[in-house]
Amino acid sequence: MSTVRGARERARVEVTAAIKDEARNQLAAEGAAKLSLRAVARELGMASSALYRYFPSRDDLLTALIVDAYDAVGEAAETAWAGARDAAATHPARWVAVACAVRDRALAHPHEYALIYGSPVPGYTAPPDTVGPASRVGQVLIGVVRAAHLAEGVAVPPLTDGLRPEAARMAADLAADLPPAVVVALVSAWAQLSGLISFELFGQFDRVVEDREQFFRHSVHELGRSVGLLDGRPAGDGRTSG
């Protein structure tokens, strides 16, 4: 019985992967709004009723694709951070390495990036299952800044009086061990990082920026400065903060 069960489980994993691969093909060709379970089933030579046993609805399939996309970009960010720490890079260099890993993933898989950071899919509401995967890149960026804060401190950016209550709330929710002004700057930098990548990915830099890699590296380095990362200081190991 265990052998049969194992074979069935392997077959289910393989079919699930095939369904998601074909759905990604549809994303590239038609966009998320036109994703169709019937079309996926037709391309795979499956009956629609059989596909529904894997994904009961379009939204279930979309959620699986969204979680995969968030996990993939999150894994890229985490791998870059680990590599930069192993190389004893400075905190600003670690920040840039993480940002570049996110950009590289987006350029290699633009339709997956568009699914999670582009326009909302009409009629779709993301369930709580997506929250954890969606936070992975942000957690890495927080980790880079936290390591710097614990090692030698960060240059706390200015904060207007009117924003102080909101900054305190954000810090309590996201990183209570960091100064509220730094948390505000982090959220702003995270949004600007996404904007830089989206501008490049969707053509807004055409006939404006030619050397996009150098432009991106410069821009994200400045974002690191905006959150208080200090140039010219050696990074500690930082692993206890991770």
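Ground rules come before the details. The model is predicted, so local features need pLDDT of at least 70 and side-chain atom pairs pLDDT 80 or more, while totals for chains, interfaces and linings use all residues. Residues are numbered from 1 along each chain as its sequence is written, and side-chain values use heavy atoms, without hydrogens or water.

Let's start with Tyr117. It lies in helix H6, residues 110-117. Helices here are DSSP runs of H or I, at least four residues, and strands are runs of E, at least two, numbered from the N terminus. Buried means under 20%, exposed over 50%, partly exposed in between, with a 1.4 Å probe and protein chains only.

What does Tyr117 touch? Setting aside neighbours within four places in sequence, Tyr117 contacts Tyr70, Val73, Val137 and Ser194. Contact means heavy atoms within 4.5 Å.

Now the rings. The structure holds 4 aromatic pairs. Rings of Phe, Tyr and Trp (its six-membered ring) pair if their centres lie within 6.5 Å; planes under 30 degrees apart are stacked, over 60 edge-to-face, the rest tilted. Tyr70 and Tyr117 make an edge-to-face pair, 5.9 Å centre to centre, with 90 degrees between the planes. That pair links distant parts of the chain: Tyr70 sits in helix H4, Tyr117 in helix H6, 47 residues apart. Tyr70 counts as buried, at 14% relative accessibility.

Next, Phe205 and Phe215. They are also edge-to-face, at 5.4 Å and 75 degrees. Phe205 is in the loop between helix H10 (180-201) and helix H11 (212-226), and Phe215 is in helix H11. Phe205 is buried at 10%; Phe215 is partly exposed at 32%. Back in the tyrosines, Tyr70, Tyr113 and Tyr117 form one aromatic cluster.

Last, the largest pocket. About 170 Å³ of space lies in it. A pocket is an open set of points on a 1 Å grid over the protein atoms alone, where a 1.4 Å probe fits, with protein on both sides within 12 Å along at least five of seven lines; lining residues have an atom within 4 Å of a point. Volume is the space filled by probe spheres set on the points, which are joined across faces, edges and corners.

The largest pocket has 13 lining residues, and Ile66, Tyr70, Leu115, Ile116 and Ala126 lie nearest its centre. Helix H4 (58-86), H6 and helix H7 (131-134) each supply at least two lining residues.
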